[in-house]
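Please open the model in a viewer and follow the selections below in order. Each stop names what to select and then describes what is found there.

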Amino acid sequence: MSAITRNPPPPSVDPDVLAAFRDVATATISDCLARMPVLAGLRPFHRGGPLLGTAVTVRVRAGDNLAVHQALEEVRPGDVIVVDGGGDTSRALVGDIMKAIAESRGAAGFVIDGAVRDTAAFAASDFPCYARAATPRGPFKTGPGAINVPVCMGGWTVNPGDLVVGDADGVVTVPAGDAADLLEAVRAQAAREEEVLAQIRAGRYDGRYARVAKD
């Protein structure tokens, strides 16, 4: 069995910050951050409901989930298990058993840059799970791996402790220290979009949504 590298768990995102982002759309967050912080290519496998929590990152070799099992031994309520599987979809990294473990320990969800299985169980549940694909083929459990290290997923770097937000469109992550400033920006963006929608409903739309903002 190969060794698993561990770093200390990151601080949990402040509960008040989490609460403030509960109804914020991932599209709005992306728009307010130069349309960059999206974990491209991942889609939801669960029945519905938002994902919101603190990133606990895991790096594994292709098709091996030993480090994910070990991360589940340390998971805290509100943690999101973010797994860098290198985009490999030849073997599933999590399934129904690991979903049950994560739920029982209060985890907020899975984000997997790789494949999952037992998708019927995820589809019948509101426990968030985002992944690249599904396959019935199971994983190796020999390592190596690393827990709480920076990982790259879908062209974006995720650091331990990042705020993780997911909805029907996908997943975005934000450094926790940037969340307060970002919250002001997303609220302003949401207000602008609501104003446009109100104009459309009233038959007074002036084309402003197509114009590039000057600020």
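How many of the residues of strand 12 are buried? In this predicted model, five of its five residues are buried, and the strand is mostly covered. Select G170, V172 and V174 to view one side, then V171 and T173 to view the other; both faces are covered. In a regular strand, the side chains alternate between the two faces of the sheet.

Strand 11 and strand 12 pair in the antiparallel sense over five bridges, and the two form a hairpin with two residues between them. Within this pairing, L163 stands opposite V174 of strand 12.

Now select helix 6, residues 179–201. The helix has 23 residues and reaches 32 Å from its first C-alpha to its last, close to the 33 Å expected at 1.5 Å a residue. Highlight A179, L182, L183, V186, Q189, V196 and Q199, which are buried in this helix.

Proceed past the end of helix 6 to G203, which follows the helix and has a positive phi, near 70 degrees. In the segment after helix 6, select Y205.

Finally, select L197, I200, Y205 and Y209 together. These residues form a nonpolar patch on the surface, with about 420 Å² of accessible area together.

Key: Residues numbered from 1 in each chain as written. Predicted model: local features only at pLDDT ≥ 70, side-chain atom pairs only at ≥ 80, totals over all residues. Heavy atoms only, no water. Helix = DSSP H or I, 4+ residues; strand = E, 2+ residues; numbered from the N terminus. Expected span 1.5 Å × (residues − 1). Buried < 20%, exposed > 50% of the residue type's maximum accessible area, 1.4 Å probe, protein only. Pairing = 2+ DSSP bridges. Patch = residues over 30% accessible without salt bridge, like charges linked within 9 Å, V, L, I, M, F, W, Y side chains within 5 Å. Areas by Shrake-Rupley, 256 points an atom, 1.4 Å probe, with all protein chains shown as cover. Salt bridge = Lys/Arg side-chain N within 4 Å of Asp/Glu carboxyl O.
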